[in-house]
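Hi,

Here is the structure I promised to pass on to you. Have a look at it first, and then read my notes below.

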Amino acid sequence: MDILVNTTIATTERFVTSTDGTQIFAKAVGDPRLPSIVFVHGFALSALVWTSILHEKKLLKYFQMIAYDLRGFARSDKPRTASDYSSRLVADDFIAVANAFNATKPLFVGWSLGGSYASDILQHYGTAALSGIVCTASLPYSSDAVSNPDTQSATLPGFVDLSNSILALSSRIDFTRTLFNEPDRVPTEVLWSWMGSTIFVDPAVVPLVGGGRGAQNTSNLEEAARKGLPLFVLTGEADKLAVNSEIRGAVEGKWKDLTVHDIKNGSHAMFYEKQGEYVDQLLKFARRLFKV
């Protein structure tokens, strides 16, 4: 069932049924006749992180924008077996969402964990599925090397602990605040909506989200890189969670069509704290791809 949101901009929210019956929450903003951009959020969060971006007039002039909650997170279903998080199924989710909004060969924009799903989509659907890839504080495949081990060890245990409710809650608060460089300047309704998304994370599901995909087969991704599928990597100079040198080192010299941009003083959530610069860079890249 579609939920039509009361706004002057065409906005539709719906639950999309994936190939295994899993219900995926998705939202589309803008004119469906325009080229589409699909945004994929990071670990423990939801499509809510893209709220401000989805209403950017600069982008809406040229694109329909779509965001969804990954399986296992927020409003989407949270199955509890590893096979429910296979590479094939997470790719199916993306395609199901794109098809639900008539998004033909959209631009993929992934943030943090979300960026790694690009490889799954290409492995199972090929380059016919995507016009290009934008990785925000991430790589287009899974790699532990890009995560700051100090920050990870300080926050992740609380997401899987079943016995300590204080640790579980404090870890979620600390994790959310670490995404920003100036969390105290983020409006309360925004900060709390991001924190609220982390409350929906089932500790039993956390190891399945990454582990269910197993060792990713990146052969199609590597072929796409050689043949010129456009990749745009955005990093935040002051990111506390991602290791920028590892991200850049992993893509430079390996992609025929590669653009890299480092946002000065950018945090892990650079698309929110440095939204103006992020949008301008994304718009420039997307308009080149779609020739609009």
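Let's start with Asp93, which is buried because its relative accessible area is 2%. Buried here means under 20% relative accessible area, exposed means over 50%, and partly exposed is in between (1.4 Å probe, protein chains only). Before you go further: this is a predicted model, where local features need pLDDT of at least 70 and side-chain atom pairs count only at pLDDT 80 or more, while totals for chains, interfaces and linings use all residues. Residues are numbered from 1 along each chain as its sequence is written, and side-chain values use heavy atoms, with hydrogens and water left out.

**Salt bridges**

Side chains of opposite charge can pair when their charged atoms come close. I call it a salt bridge when a side-chain nitrogen of Lys or Arg is within 4 Å of a carboxyl oxygen of Asp or Glu. The count comes to 13 salt bridges by this rule.

Asp93 has such a bridge with Arg71, and their closest N and O atoms are 2.6 Å apart. Arg71 lies in the loop between strand 5 (64-68) and helix 3 (87-100) and Asp93 in helix 3, so the pair ties together parts that are 22 residues apart in sequence. (Helices, H or I with at least four residues, and strands, E with at least two, are DSSP runs numbered from the N terminus.) Arg71 is buried too, at a relative accessible area of 2%. Asp20 joins in as well: Asp20, Arg71 and Asp93 are linked in a network of salt bridges.

Another bridge pairs Asp202 with Arg80, with 2.3 Å between the closest N and O atoms. This pair links distant parts of the chain, 122 residues apart: Asp202 is in the loop between helix 8 (188-199) and helix 9 (206-211), and Arg80 is in the loop between strand 5 and helix 3. Asp202 counts as buried at 17% relative accessibility, whereas Arg80 counts as exposed at 54%.

Then there is Arg185, whose side chain meets that of Glu182 in a salt bridge (3.6 Å, N to O). Arg185 is exposed, with a relative accessible area of 65%, and Glu182 is partly exposed at 42%.

How many of the residues of strand 5 are buried? Five of its five residues are, so the strand is mostly covered. In a regular strand the side chains alternate between the two faces of the sheet. In strand 5, Gln64, Ile66 and Tyr68 point one way and Met65 and Ala67 the other way.

Two strands pair if DSSP finds at least two bridges between them. Strand 3 (residues 23-29) runs antiparallel to strand 5, joined by four bridges, and Val29 has Met65 as its bridge partner. Strand 4 pairs with strand 5 in the parallel sense over five bridges, with Ser36 opposite Gln64.

**Aromatic rings**

A pair of aromatic rings is described by the distance of the centres and the angle of the planes. Rings of Phe, Tyr and Trp (its six-membered ring) pair if their centres lie within 6.5 Å; planes under 30 degrees apart count as stacked, over 60 as edge-to-face and the rest as tilted. There are 20 aromatic pairs in the whole structure.

One of them is Phe43 with Phe175, edge-to-face at 5.9 Å centre to centre and 85° between the planes. Phe43 lies in the loop between strand 4 (36-40) and helix 1 (51-54) and Phe175 in helix 7 (residues 165-178), so the pair ties together parts that are 132 residues apart in sequence. Phe43 is buried at 16%, and Phe175 is buried at 7%.

Trp111 and Phe271 are also edge-to-face, at 4.8 Å centre to centre with 80° between the planes. Trp111 is in strand 6 (residues 107-111) and Phe271 in helix 12 (residues 270-273), 160 residues apart.

**One more residue to look up**

Find Ser119 in helix 4 (residues 117-125). Ser119 is buried, at 1% relative accessibility. Leaving aside neighbours within four places in sequence, Ser119 is in contact (heavy atoms within 4.5 Å) with Pro140, Tyr141, Gln216, Asn217, Thr218 and Leu221.

Cheers
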